Amino acid sequence: MHIAPHDNQNQPIVDVDDALVPLNYFNIVKLKKGEVFDYAVPGYETCIVPATGTVDVDVDGAVYPALGNRGEDVWDGEPEGVYVPVGVHARITCVSDEVECFIAGAKYDKVLEPFDVRADQIDLVQYGSDDTKTHRKIKHILGANQHDKVGRLLVSELFTVGEGGWSGFPSHKHDTDRLPDESRHDETYNFRFKPNYGSGLQMLQREDNKPGDAYHIMDGSTICIDKGYHPCAVLPGYQMYYFTILGGLTQRSLKQYFQPTHAAQLHTIPGIMDMVAKFK
């Protein structure tokens, strides 16, 4: 499903127990200097990630000052995040002129400990190639490095390298728990483009070799993926970014099932198996 860009007024874009992606939670919070946003999400662990601007974060008395270092847009610096345990109160205070914060969440039933992830702790993966039109860079905020500290939530940022091309290819899905071949993970994206009037396409093919759906994605578009194969593309001449939330049903590690029709492409894209291994 495509949720068009809009002013959500600091209210969840994907709320708890969403009909389509019940394992995910997503909010965008915009504040001006000195403004405060308080929240707690029962039944969901969350992660605060400034898209732009800087905030102080207080998680039930654990203080994480000066989180976020990006200025103009998500290309301007490295991401940072704070993990907020299930149901715990968090306060976000804007300390820059203004801030835009992503809040990502996944359903979970245990209360863990809060922690922060700073720019020098981001797990970077680069894969693909210009020749295959799949050249991408992934910055894991809650990735393999935090595996033992998080319940079901995976949070990352994906960037195109260069302009134009495909992402999420070879086409894959993760909508059914049938381990060891596939895990059930709901997924939510928020897209940005550079320049911001750029756009792209999100495909969603429910069954192998059956006609599917396609959505015109723009700067600020949110995509919720409950089931099916889901590659996306950006128009030539533009860079694309998407903030990625994955919530697992029975485990945190993502096990992707690659579409049989295109599985041979796994052998044509440099570094793709290294990319797959980082979603743990």
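Student: Quick one to start. Is Arg178 buried, exposed or partly exposed?
Tutor: Partly exposed, because its relative accessibility is 32%. Keep in mind that this is a predicted model.

Student: Okay. Which residue does Arg178 form a salt bridge with?
Tutor: Glu182. The closest N and O atoms of the two are 2.7 Å apart.

Student: And Glu182, buried or exposed?
Tutor: Glu182 is buried, with a relative accessible area of 0%. Arg178, its partner, is partly exposed.

Student: Which residues are linked with them in a network of salt bridges?
Tutor: The network links Lys173, Asp175, Arg178 and Glu182.

Student: How many salt bridges does the structure hold?
Tutor: It holds 14. One of them is between Glu157 and Arg70, with the closest N and O atoms 2.8 Å apart.

Student: Where do Glu157 and Arg70 sit in the chain?
Tutor: Glu157 is in strand β12 and Arg70 is in strand β5. They are 87 residues apart, so this pair links distant parts of the chain.

Student: Are those two buried or exposed?
Tutor: Glu157 is buried, at a relative accessible area of 0%. Arg70 counts as buried too, at 3%.

Student: What about Asp109? Which residue does it form a salt bridge with?
Tutor: Lys110. There the closest N and O atoms are 3.6 Å apart. Asp109 counts as exposed, at 62% relative accessibility. Lys110 counts as partly exposed, at 46%.

Student: New topic: rings. How many aromatic pairs does a search of the whole structure find?
Tutor: The search finds 14. Take Trp75 and Phe159, an edge-to-face pair. Their centres are 6.2 Å apart, with 75° between the planes.

Student: Why does that pair tie together separate parts?
Tutor: Trp75 lies in the loop between β5 and β6, and Phe159 lies in strand β12, so the pair ties together parts 84 residues apart in sequence.

Student: Is Phe159 buried or exposed?
Tutor: Phe159 counts as buried, at 4% relative accessibility. Phe159 also pairs edge-to-face with Tyr241, at 5.1 Å centre to centre and 70° between the planes. Phe159 is in strand β12 and Tyr241 in strand β21, so that pair ties together parts 82 residues apart in sequence. Both Phe159 and Tyr241 are buried.

Student: Which residue lies over the face of Phe159?
Tutor: Lys139, at 4.7 Å from the ring centre. Look at Phe115 as well: the charged end of Lys149 sits over its ring, 4.0 Å from the centre.

Student: Which residues do ring pairs link into a cluster?
Tutor: Tyr189, Phe191, Phe193 and Tyr242.

Student: Which elements give two or more residues to the lining?
Tutor: Those are β2, β4, β8 and β16.

Student: How do the lining residues divide into nonpolar, polar and charged?
Tutor: They divide into 6 nonpolar, 5 polar and 11 charged.

Student: Now the backbone. Which peptide bond is cis, with omega near 5°?
Tutor: The one from Phe169 to Pro170. Pro170 is in the loop between β13 and β14. The bond from Leu179 to Pro180 is cis as well, with omega near 10°. Pro180 is in the loop between β15 and β16.

Student: What's the phi of Asn10?
Tutor: Near 65°, a positive value in a residue other than glycine. Asn10 lies in the loop between β1 and β2. Asn10 is buried, with a relative accessible area of 18%.

Student: And Asn209, where is that found?
Tutor: In the loop between β17 and β18. Asn209 has a positive phi of about 65°, although it is not a glycine. Asn209 is exposed, at a relative accessible area of 56%.

Student: Last one. How many Å apart in space are Ile122 and Val86?
Tutor: They are 23 Å apart, C-alpha to C-alpha, and 36 residues apart in sequence. Ile122 is found in the loop between β9 and β10. Ile122 is buried, with a relative accessible area of 15%.

Conventions:
Residues are numbered from 1 along each chain as its sequence is written. This is a predicted model: local features need pLDDT of at least 70, side-chain atom pairs count only at pLDDT 80 or more; totals for chains, interfaces and linings use all residues. Side-chain values use heavy atoms; hydrogens and water are left out. Rings of Phe, Tyr and Trp (its six-membered ring) pair if their centres lie within 6.5 Å; planes under 30 degrees apart count as stacked, over 60 as edge-to-face and the rest as tilted. Helices (H or I, at least four residues) and strands (E, at least two) are DSSP runs, numbered from the N terminus. Buried means under 20% relative accessible area, exposed over 50%, partly exposed in between (1.4 Å probe, protein chains only). A charge sits over a ring if NZ of Lys or CZ of Arg is within 6 Å of the ring centre and within 35 degrees of the ring normal. Ala, Val, Leu, Ile, Met, Phe, Trp, Tyr, Cys and Pro count as nonpolar, Asp, Glu, Lys and Arg as charged, and the others, Gly among them, as polar. A salt bridge is a side-chain nitrogen of Lys or Arg within 4 Å of a carboxyl oxygen of Asp or Glu.
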